[in-house]
Amino acid sequence: MLELSGLSVTYGKVRAVEDIALTAARGEAVALIGANGAGKSSILKAILGLATSSGSVRVDGTELTGRPSHARVMRGVALSPEGRHVFPQMSVLENLEMGFIGGDFPALCEDMLELFPRLRERSSQLAGSMSGGEQQMLAIARALMSRPKVLMLDEPTLGLAPIIVDQIRALIGLLKTKGMTVLLAEQNAEMALAATDRAYVLETGHITATGPSAKLAADPAIRRAYLGL
Amino acid sequence: MLELLLQQAVNGLTQGMAYALVALGLTMIFGVLHIINFSHGELYMLGGLMAVVATTMLGLPYGLALVLAVVAVVAIAALVDLVAVRPVLPTKDGPSTVLLSTFAVSLLLHQSVLSTWGPNPSRVEGLAGSLSLGPIVITNHRLLVLVSGVVILLAIEYVLRRTLVGRRIRAVAQSEFAAQVVGIDVARIRTLTFLGAAAIAAIAGALIAPVSLFTPSMGQHAIITAFVVVVIGGMGNATGAVVCGLLLGLLEALASAFMPQDMGTAVIYALLLIFLLIRPQGLFAGRAR
């Protein structure tokens, strides 16, 4: 279970996120929706220790605040970052190895290649030479290599074809059934609300609405502001 | 004439191997830490000094002197990392400030050795004997430098491509952010790279000291030449550093055969200027890390 309380994120003198409280249970998918610059990515980075923050971040009751990012990954947090950030001059398999932190590497690798058959075809190809959709699959697979309790997906559908978006949505459903907590930050509110159980709406670093995703998707104000309806 | 050229080529390749090893360390540090370690040349000089101390003062065999040089220089480099790199790097304009802090360390090391050891060249006993290949004579020690250099370069290539720690070093060089995201201990990788580069510099210094004599100023010449090599080869590019290091050594030696003494060095600086004007990204820019 992921619990955030009193989380604030700052960049120099600018406060990007202020006093956020958020929970996501085991086997639950939670969306963070909001416009560009609302603070979604900042929250994910703060959870992984990649942004200057205050407040509390707990995973299964363990306080992560103050720990470096590599220690947080060891504690079960993984991120597929916005823009993919694969290692461009490494092969698919080498990228997967970089996400591996322990256990049976060949078996885990096989799991990922089964989950993403396209990566098996590209296993020895340099990641930098793959398409955006393939790189996104690789970024998610690389994050899953650490067998996380909490998987954070930052704008995973940005600029991708509808078929890939559908695959990512199906993947979130699959990961939930395996007991994983999924935290999804998306500008594509329609997809995010369809793929998750609950959602938080962010505006300029503050949570302005929260509730079941289906209920938020039916809310006229949310529909006008984020779904363009 | 041909004999002279061939002999100079052998001599140049020997010196070029030392340049390549120093430049390789410098470029590895730049690629992974994104800093210019100005004290790197003095670590090379200290490698030479340790070889002198071990062989002439302690009477140790040359092989043991090489080991002592590496251990001592890595210990000093750890101190440099602790004092002049780690606390400075996270500050505002960290990489620029590290250039200055390591420059200060460079002056400190150079002046300390100069004031205690004196400016005169010191001889180091390397491998005795020589090998004749037709008109060319190669001393056994020059052969040792060349063979050791190749072995070191192959070992580095093996570590970077075939071991987990090597692949993690490459990962940090390709994207520090992505490396943090996947849980690589970036601080540990930085330290390993810094110390690994220092070890290579120490071996290079200890290897070349019997060829060109030890002087406290050998580090200053080495760092400037290594900068030229790194700029021409492409910042952060290992292949570029090795190829250009060897070529520069060769060019310097061949130029010295036809021009007044020290003009070979002038040719190198002229090359630097030309490359900065026409190809500032270096010859091997964009190649695999």
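Modeller: Let me begin with a term: buried area is the accessible area, taken with a 1.4 Å probe, that two parts lose on being put together, summed over both. By that definition, chain B and chain A bury about 1800 Å² between them, with 62% of it on carbon and sulfur atoms. Phe177(B), Val181(B) and Val182(B) supply 33% of the area that chain B buries against chain A, more than any other three residues.

Biologist: Before we go on, what sort of model is this, and how are things numbered?

Modeller: This is a predicted model, in which local features need pLDDT of at least 70 and side-chain atom pairs count only at pLDDT 80 or more, while totals for chains, interfaces and linings use all residues. Residues are numbered from 1 along each chain as its sequence is written, chains are lettered from A and ligands numbered from 1 in the order in which they are written, and side-chain values use heavy atoms, with hydrogens and water left out.

Biologist: Back to the two chains, then: how many residues of each are in contact?

Modeller: Taking contact as heavy atoms within 4.5 Å, 21 residues of chain B are in contact with 20 residues of chain A.

Biologist: And how many salt bridges across that interface?

Modeller: There are two salt bridges across the interface of chain B and chain A, where the rule asks for a side-chain nitrogen of Lys or Arg within 4 Å of a carboxyl oxygen of Asp or Glu. The side chains of Arg170(B) and Glu94(A) meet in a salt bridge, at 3.4 Å from N to O. There are also five residue pairs in polar contact between chain B and chain A, both residues being at pLDDT 80 or more; a polar contact is a pair of N or O atoms within 3.5 Å, and within protein one must be able to donate a hydrogen and the other to accept it, with residues adjacent in sequence counting only if both atoms are side-chain atoms.

Biologist: Which elements of chain B give two or more residues to that side?

Modeller: Those are α6 (164-174) and α7 (176-181) of chain B, where helices (H or I, at least four residues) and strands (E, at least two) are DSSP runs numbered from the N terminus. The most comes from α6(B), with six residues. By class, the side of chain B that touches chain A has nine nonpolar, five polar and seven charged residues, where Ala, Val, Leu, Ile, Met, Phe, Trp, Tyr, Cys and Pro count as nonpolar, Asp, Glu, Lys and Arg as charged, and the others, Gly among them, as polar.

Biologist: Different topic: how is chain A divided into domains?

Modeller: Chain A has domain 1 (2-76 + 148-226) and domain 2 (89-147), with bounds that come from an automatic or database domain assignment. Their centres, taken over C-alpha atoms, are separated by 23 Å. The area buried between domain 1 of chain A and domain 2 of chain A is about 1100 Å², and carbon and sulfur atoms give 84% of it.

Biologist: What is the side of domain 1 made of, by class?

Modeller: The side of domain 1 of chain A that touches domain 2 of chain A has 13 nonpolar, one polar and two charged residues.

Biologist: And the sheet in chain A, what is the strand order?

Modeller: The order is β2-β1-β4-β5 (chain A), four strands forming an open sheet with antiparallel pairing; two strands pair if DSSP finds at least two bridges between them. At the edges stand β2 (14-24) and β5 (62-63) of chain A, each with a single partner strand, so one side of each is left without a neighbour in the sheet. Strand β1 (residues 2-11) of chain A pairs with β4(A) over six bridges, and Glu3(A) stands opposite Arg58(A) in β4(A).
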